[in-house]
Amino acid sequence: MRKLVATAVAGVLAAAMPATAQDALKVGFVATFSGPNAALGEHLYQGFMLGLDHAGGKFGGMATEVLKEDDQLKPDVGVQVVRKLIERDKVDVVSGVVFSNVMMAIHKPLTEAKTPMISANAGPSPIAGKLCSPYFFAASWQNDQSHEAVGRHLQTKGVGRVFLMAPNYQAGRDGLAGFKRYFKGEVLGEVYTTVNQPDYSAELAQIRAAKPEAVYVFYPGGMGVNFVKQYAQAGLTKEFPLYSAFTVDATTLPAQGEAAVGTFTAAFWSDDLANAASKRFVADYRKKYGSAPSTYAAQGYDAARLLDAGVKAAGAKATDGTALAAALKQAKFESVRGPFRFNTNNFPIHDFYLIETVKGDDGQVRQVNRGVVFKDHADAYASQCPMK
Amino acid sequence: MARVAVWAGLLAAAILLPIAADAVGETYYVGLATRILVFALAAVALDLVLGHGGMVSLGHAAFLGIGAYSVGIWTTHGVTSAGVHWATAIAAGGAFALATGLLALRTAGVAFIMITLAFGQMLYFLAVSLKGYGGDDGLTLWEAARLGPLDLGHDATLYWVSLAWLVAALLLCRRLVASPFGLVLQASRSNERRARALGLEVGRHRLAAYVLSGALTSIAGALLVHATDFVSPAYMGWQRSGELVVMVILGGVGTLAGGVFGAAALILLEEVLAGLTQHWMLLLGALLIAMALLSRRGVAGLLDRLRGRA
Amino acid sequence: MDPVLVLTQALNGLQLGVMLFLMAAGLTLVFGIMGLINLAHGALYMAGAYAMAATVAATDSFLAGIAAALLAAAAVGAVVEMAALRRLYDRDHLDQVLATFGLILCFNELVRLIWGPAALFVTVPPALSGTVEIFAGVPYPAYRLAVIAVGIAVAGGLYLLIARTRLGMLIRAGASNRTMVAALGVDIRLLYTAVFALGAALAALAGAIAAPLLSVEPGMGEPVLILTLVVIVVGGIGSIRGAFVAALLIGFIDTMGRAFLPAMLREVTGPATAAAVGPALASMLIYLTMAVVLAVRPQGLFAARTG
């Protein structure tokens, strides 16, 4: 007990020490690291740190210190840690952030402090549209883009009647709206379920009764595991092909296993892409962490690559928020997704691929890239952003 | 007399904190301290019903949410007067407490814990589906609230305003507890049957305390939004209600001022433990269990015991 | 309304109901006999699911997984009861809330330490992986039918245990008068530990059979815990019979509400309002039920004892 107290006191003292090093680059990395939803944060962080390794441990050649902070998936705690990073630790740039609600909460303090933010995951629509900021950059995507890609794919494929499902929260409603932006066929049902609902039997019965040509769902994380398992268990996969976004990915696939075989999704990247940056990333990620990288890890990696290029371009002025933001906007770097450029709202314009989950000859379940469904896809909100 | 001196000293130190923080250039701690004051206010309000009325509410985060959305909804419609925000928070929080209290107070003990939890969850799901006000993603407020000439977007100003609310709430609750009203409340807690037999209107007193507590907690919710410029259903999850109860217990149940120490203890603990290890929740959990098993009167009890030994 | 759909949804409601009963039985027993409000009951459910997942991964046997889940949770339950919770029986509900809230944090974090933050996978046993036609043209997942069967069998077994055995007699006596049982010279501490372990095992059984349907991950116990709390309060705290009736009631209301409420609302208010309000109302339905029940009968449907 006494030792615990001693360490605690030491921790407080260490935390209270003011920043001293001046010409080092300080990066705040905020994500959800504790509690039940911690898996994605860890993926982002691992990808980001691999990006730092590839930059020789120094972004843009500057000595770099990464401060890891946990937002606990609570928006007010997110604001708290971001204030700490800005006011006490005096960081030059912030990255990370898994969940949109945390991103929305910390957007204002970051923008007001003129501290550049490189999102490694969350890309909520308000920040892509009206609330866009010269200090905000998405190294990931705008939330709706994957949904739009699946909608577009089903539209080109000529599918007529679909059934849609998502959790009853903002991201769910935005997601299905994004899908319908490019899918013009008939929507037989649009069901919003309670957030973190464990059992979907009632809704699966509705799908069976509606007899759609395809089903499209958005169930991130544990909800996706529950849904996909129950969908396959009810024997629906063969009758009604399942399309999804953020539902079947490297983080959920180990828990879904064969239940996910035969389902389709869309993503900006998959680990079998042929470009050199992606191949190097996948190989070194396996070497460092001993597992295949997820799309989340790829986003974390791209966030680091973007920052590296931005700091290099800004040179000695990288510790000035405005200068760094301007450099980030122009930054050229080798993204794992191949071609990458920013739209006027600092969200990427990039390709989307159709991804199928298959069972290989070796019995392993994996995701295979089935080709581009959307070339140079820009998000739908850029026109609302006043930036040019 | 010595007690008064101690409290006056504490208050003086609290008032001077932002100036001291500014002098040494550590303005971050003003924000942290504001957070403590806000949760302290909520904990004091909860202690009024929990400690003095024996009503263990596991749904008090709902009131935080009501206060939060009072500020959020007015601000999106361009009304930035904190006076209007607070009046709405008090009215809405009080009304919700009245409506749910009428039902919940028909039960007691564990059923009361559960029914408050249920009402909290209902409001949470309602907020999640509030599409016009951000739903689950929440709502960023771009304009700070104003109180007459005061700009609540200014960290130190908000700190002092929160401090004023906390002190006012403490004084109010103290007077109330010492008044005949408070005596009825206490009597009904220690022996409800006897209190009823004496002809005391137990139900109405409890309801009044519950409404007051709800209104004060709503103010805490409003202040939380002034501090974060952000509203979200995450403010009203049931874990948040649990944390409020933990704060009250940590500080010492039925001591009112204990809520202040409990809030400070829990928030600082999170801050320190999170710096130590990613698995800090394990340490916090163990600490809570130890607290429940060993000391029954929280930080206040611990202080007393230390004083007795010294 | 489509009768086939209604029938399927009724089965779904039944399945959710029996799962809730497995959870509620232990919780309500522990409260009825020891007067302990155990928020960490959901953590035991999670422990069951994890023991199941780990054992199935190691042995490839579904039954071994169930056995491991029962044993592990009973053991964990007994240890926690003896080490900590037994000191809280005569305390305030407040201390109990604090300690068991702490236990939730500990269990979730321990699970994350041991198995990592990602969800684990449990497959449905091949024999139960298909669908069964209950009536011609009404396919229903075989595994869910098995869940219903197990749930009803356990409920029946529990009834026999409580109505016909010596342990059951002590449990009944304990629920109605605790001091009396102690005065009879029964080793009350052992009885308490046994009851707690039994409740833990039932929760673990629910977790284990839910594992192939659900994501096995840290924090999976909390949503179920909240539902379970609603069940035992509606049923009357301490009453097994109440828990059974309330579990089925809540299971039906929740399932039917989700299935039909948005559609019914569309008829009444038009699609725009229905889309906005329907899902939220469906989520709140069980809490509304609870409020109504408590408003009419504050002690719940079947009150075991007062206080």
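This is a predicted model: local features need pLDDT of at least 70, side-chain atom pairs count only at pLDDT 80 or more; totals for chains, interfaces and linings use all residues.
Q: Let's start with chain A. In what order do the five strands of the open sheet come?
A: The order is 2-1-3-4-5, and the pairing is parallel.

Q: Which strands stand at the edges?
A: Strand 2 (64–70) and strand 5 (136–138) of chain A do. Each has a single partner strand, so one side of each is left without a neighbour in the sheet.

Q: By how much are neighbouring strands turned against each other?
A: By 20° on average, with direction ignored.

Q: How many bridges join strand 1 of chain A to strand 2?
A: Seven. Strand 1 of chain A covers residues 25–31 and runs parallel to strand 2 of chain A.

Q: What is the bridge partner of Leu25(A) there?
A: Thr64(A), in strand 2 of chain A.

Q: And which strands does helix 2 of chain A touch?
A: Helix 2 (residues 39–54) packs on the sheet and touches strand 1, strand 2 and strand 3 (93–96) of chain A. Its direction makes about 180° with that of strand 2 of chain A.

Q: What domains does the assignment give for chain A?
A: The domain assignment gives domain 1 (20–141 + 275–338) and domain 2 (145–267 + 351–383).

Q: How far apart do the C-alpha centres of the two lie?
A: The centres of domain 1 and domain 2 of chain A lie 28 Å apart.

Q: How many residues are in contact?
A: Eleven residues of domain 1 of chain A are in contact with eleven residues of domain 2 of chain A.

Q: New topic: chain B. At what angle do helix 1 and helix 2 cross?
A: Helix 1 (residues 2–24) and helix 2 (residues 28–50) of chain B cross at roughly 155°. Their axes come within 8 Å.

Q: Roughly parallel or roughly antiparallel?
A: Helix 1 and helix 2 of chain B are roughly antiparallel, because the angle is over 145 degrees.

Q: Which residues make the contact?
A: Leu17(B), Pro18(B) and Ala21(B) come from helix 1 of chain B. Tyr29(B), Val30(B) and Ala33(B) come from helix 2 of chain B. The contact counts six nonpolar residues, no polar and no charged.

Q: On to chain C. How do the axes of helix 1 and helix 5 cross?
A: Helix 1 (residues 3–34) and helix 5 (residues 142–164) of chain C cross at roughly 40°, and their axes come within 9 Å. That makes helix 1 of chain C oblique to helix 5 of chain C. Helix 1 of chain C passes helix 5 of chain C in a left-handed crossing.

Q: Which residues are in that contact?
A: Helix 1 of chain C gives residues including Leu11(C), Val18(C), Phe21(C) and Ala25(C). Helix 5 of chain C gives residues including Arg144(C), Ile148(C), Gly151(C) and Leu158(C). The contact of these two helices divides into 13 nonpolar, three polar and one charged.

Q: What about strand 1 and strand 2 of chain C: parallel or antiparallel?
A: Antiparallel, over four bridges. Strand 1 of chain C is residues 131–135, and strand 2 of chain C is residues 138–141. Thr131(C) has Pro141(C) as its bridge partner.

Q: Which residue takes a positive phi in that hairpin?
A: Gly137(C), with a phi near 85°. The hairpin has two residues between the strands.

Q: Last one. How do helix 5 of chain B and helix 9 of chain C pack?
A: Helix 5 (residues 109–128) of chain B and helix 9 (residues 221–235) of chain C pack at an angle of about 130°, with axes 10 Å apart. They are therefore oblique to each other. Their crossing is left-handed.

Q: Who makes the contact?
A: Met114(B), Leu117(B) and Gln121(B) meet Ile226(C), Leu229(C) and Val233(C).

Notes: Residues are numbered from 1 along each chain as its sequence is written. Chains are lettered from A and ligands numbered from 1 in the order in which they are written. Side-chain values use heavy atoms; hydrogens and water are left out. Two strands pair if DSSP finds at least two bridges between them. Axes are lines fitted to C-alpha atoms, for helices over the stretch in contact, and angles run from 0 to 180 degrees between N-to-C directions. Contact means heavy atoms within 4.5 Å. Angles under 35 degrees count as roughly parallel, over 145 as roughly antiparallel, 65 to 115 as roughly perpendicular and the rest as oblique. A crossing is left-handed if the near helix is turned anticlockwise from the far one by less than a right angle, and right-handed if clockwise. Ala, Val, Leu, Ile, Met, Phe, Trp, Tyr, Cys and Pro count as nonpolar, Asp, Glu, Lys and Arg as charged, and the others, Gly among them, as polar. Domain bounds come from an automatic or database domain assignment.
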